[in-house]
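Let's take a walk through this structure together, one piece at a time.

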Amino acid sequence: MCAVRDLTKTYPAVRGRRGAPGTPEVKANDGVALEVRRGEIFGLLGPNGAGKSTLVRQLTGLMRPDSGTVDILGHDIVRHPERAARILAYLGQESTALDDLTVSLAAETTGRLRGLDVTQAREERDAVLDELGLTPLAARPIRKLSGGQRRLACFAAALVGERPLLVLDEPTTGMDPVARRAVWAAVDRRRAERGTTVLLVTHNVIEAETVLDRVAVLDKGRVIACDTPAGLKEKVAGEVRVDLVWRERAPLEVPEVAALRPRADESGRRWTLRLAPEEARAVVATVTGGAAFVALDDFTLATPSLEDVYLALGGDTQGLVKA
Amino acid sequence: MSVVPAEAVPGGALAAEERPGRAPAALGPRARLWPSLGAVYRAQLSRARVARIPLLFVATFQSIGIMILMRGVVDGGDEARAVVAGSAVLVVAFVALNLLAQYFGQLRSGGGLDHYATLPVPPAAVVLGAAGAYASFTVPGTIVTAVFGCVLFGLPLTHLWILAAVIPLAGAALAGLGAALGLLAPRPELATLLGQLGMSAALLLGVLPADRMPAPVQLARDLLPSTYGVEAFARTFGTHPDWAFVLGDLAVCAGVGVVSLAVATWAYRRAAVR
C-alpha cells in the first residue's frame, strides 16, 4: 500500500540574526523505512520534534526528501508529488485555509477541489456532516467553533471525495469523547466498506493503544520500533509500573523509601517506578504499612503501556500524552 | 474505538503480503480548471461575510476622506478628474493589492497552503479564484467612491460605465501583484509591509496630480500598473474622450494582469511544495 525506504530529510542550519540565536542543522528524518498494509490503521507515535510531521509531509508530496523513496499504491511520490493529492486525503494540523468558511461550504469546496461535480459534492457533504453529527453546525463559520468542533469540521472536509488512504495528523486533538467516537466510527465504516487505509500521527499513547493495528515509534528522526501495540508491549512484559502519590512529600526517613528514590521518575508528589514483579510486590508491601503508609495518598500497579515501551527503547517520553 | 480487525477488511492484505511490482492503482480524478476556479471563487467570496467587511468599509472611507481633503486644494478641470479617478482606483489597490497580499502571506506562513496543495487542484484555479474574489470585493466601494467624487467635484456621470472595464482590468493587475507579493514574501509581516507600500504608492502616485511631480516620481508613476487604470478612468470625464487612449491604458492593465497572475501562479507552486 505505502512503502517508504531509507527516507532522509535534513533542515539546513539557520544563521542567527541580531538578538536571535541561530539553529544548527537538524536531521528530521534519518533513514526511515516503513511498510503500511492495505486496510490497516498504522500509527506514527513520538513526542514533538521526533520527525512525524516531516515524514508525513514527504508522504503527502508537500516536501521533497533529500534521499529515499516513497511508493503509494504503485506510484512514486518522490518523482511525482502531484499524484499524492489524487490518492490520499490529508488532514493537517492547521485549518487556516478553511477558518473563514462555514462548515458546510468548507466540506463542499474541498469535495469540489477533489474533482467532484456540484451534485456529488453536495450529496457527500450532507452524508459526511450527518455521519459526524455536524449538521446542526453546518451554517456556522469554522473560526467561531470550539477547538474540538473545528478539528471535526476539518476532518469532515477530509472525508468528502473518497480516497483509499487517509493521512491524519493528530485528528482528535481537543475533541470531547463524543467527537472522538464519531471520528473512529467514521474511520471504521470506511475500512469495513471500502478497505480504506489510515496513517495516523499521534503523541497520545492511550489512543495509539486502542485504535492502531500497528505502530512505528519515532525518536529523533529514526524508527526505533515497529509492531502491533501488543507486540511492542511484550518487549517489556517482565516489568510492572508502580505509581506512588505522596500526601505532602515522600517519607525519606523510611529507609526503604529513601532507597527507591534514585530509581523513581519524580513529577511533583508522584513517583513512577518500573520494576520486576517481585520487586513491585515488595514495594507495595513497604508502602502499605507503617510510616510510609501514613504519608501515602494513592498508589497504582499497572502492566506496561506504550509509554513504558517507549522508555525501554531508549526514547525520551516527555512530550507523550496519556489521556 | 476501532473494532474492525484489519484481517476482516475487504481486500485487506495483512495475511497475504502485497506483491511488489503490482500495477499502480488508478488515481482519483483531477479537479478541472474552471469548476475548481468557480469553487475557490465562491468560497473566497463567502469569506467577505465572515472576515473582511470592516476593511472594505475602511477602503471606501479612506478614498472619500482623501477626496474631501483635496476639495479644498483642487477647483476643477484635469486635477479634479485625476483626484476622483485616483481615489476610485485606490479602493481597488487597497483591497486587491494590500488585503490579498496579506491574505496569501498569512495563508503561506500559517500552513494554509497545505490544504490546497494536497488537493488535485490546478494552481491557477487557487490564485485566480482568490484574485477574482478580491477584485469583486472592490466593486461596491469603487462605485460609491466614483459617484461621490463626481457629485463633489461636479464631474459628469455620463461615462461611469467605464468602471465595468476599469475594475476587472485594474483589479486583475493589482490582485496579481498582491498575490505574487504575498506568496513570495518569506515572512507574513513582509507580505503585509509590501502590500501597504504598494497601496501607499497607488495613493501618492495615483491621487496627487502628476504635472507638479519631479521627473523621477513621474517615472515611478509610469511603472505602477494602477496609474493606467486611473488614466483610463480620468480621460472619460472629458466632453469628447479619446477612446483610443482609454483602450490603450486598459490594454496595459490587462497585460500587467496576465503577467502578474502568471507570476503569482508560479509563486504559488513554489510556496506549496518545499
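Helix H3 and helix H5 of chain A cross in a right-handed way. This is a predicted model, so what follows describes a prediction. H3(A) covers residues 103–113 and H5(A) covers residues 147–159; their axes come within 8 Å and cross at roughly 25 degrees. Angles under 35 degrees count as roughly parallel, and H3(A) and H5(A) are therefore roughly parallel to each other.

Which residues in H3(A) and H5(A) meet? From H3(A) come Val103(A), Ala106(A), Ala107(A) and Thr110(A), and from H5(A) come Ala153(A), Ala156(A) and Ala157(A). Sort the residues of this contact by type and you get six nonpolar, one polar and no charged.

Now step back to chain A as a whole. Its domain assignment gives domain 1, residues 2–230, and domain 2, residues 238–303. The C-alpha centres of these two domains of chain A are 40 Å apart.

Next, look for an open sheet of six strands in chain A. Read across it and the order is E6-E7-E8-E3-E9-E10, with mixed pairing. At the edges stand strand E6 (88–91) and strand E10 (222–227) of chain A; each has a single partner strand, so one side of each is left without a neighbour in the sheet. Going from one strand to the next, the twist averages 15 degrees.

Inside that sheet, pick out E3(A), residues 41–45, and E9(A), residues 214–219. The two pair in the parallel sense over four bridges.

E11(A), residues 240–246, and E13(A), residues 270–275, pair in the antiparallel sense over six bridges. Among the residues involved, Arg241(A) has Arg274(A) in E13(A) as its bridge partner.

Time to bring in chain B. How many residues of chain B are in contact with chain A? The count is 44 residues of chain B, against 47 residues of chain A. Helix H1 (33–71), helix H2 (77–109) and helix H3 (113–117) of chain B each supply at least two residues to the side that touches chain A. H1(B) gives the largest share, with eight residues. By type, this side of chain B holds 26 nonpolar, twelve polar and six charged residues.

H2(B) packs with helix H5 of chain B, residues 163–184, at an angle of about 30 degrees and with the axes 7 Å apart. That angle makes H2(B) roughly parallel to H5(B), and the crossing is right-handed. The residues of this contact divide into 17 nonpolar, six polar and one charged.

How values were computed. Residues are numbered from 1 along each chain as its sequence is written. Chains are lettered from A and ligands numbered from 1 in the order in which they are written. This is a predicted model: local features need pLDDT of at least 70, side-chain atom pairs count only at pLDDT 80 or more; totals for chains, interfaces and linings use all residues. Domain bounds come from an automatic or database domain assignment. Two residues are in contact if their C-beta atoms, placed from the backbone, lie within 7 Å. Ala, Val, Leu, Ile, Met, Phe, Trp, Tyr, Cys and Pro count as nonpolar, Asp, Glu, Lys and Arg as charged, and the others, Gly among them, as polar. Two strands pair if DSSP finds at least two bridges between them. Axes are lines fitted to C-alpha atoms, for helices over the stretch in contact, and angles run from 0 to 180 degrees between N-to-C directions. Angles under 35 degrees count as roughly parallel, over 145 as roughly antiparallel, 65 to 115 as roughly perpendicular and the rest as oblique. A crossing is left-handed if the near helix is turned anticlockwise from the far one by less than a right angle, and right-handed if clockwise.
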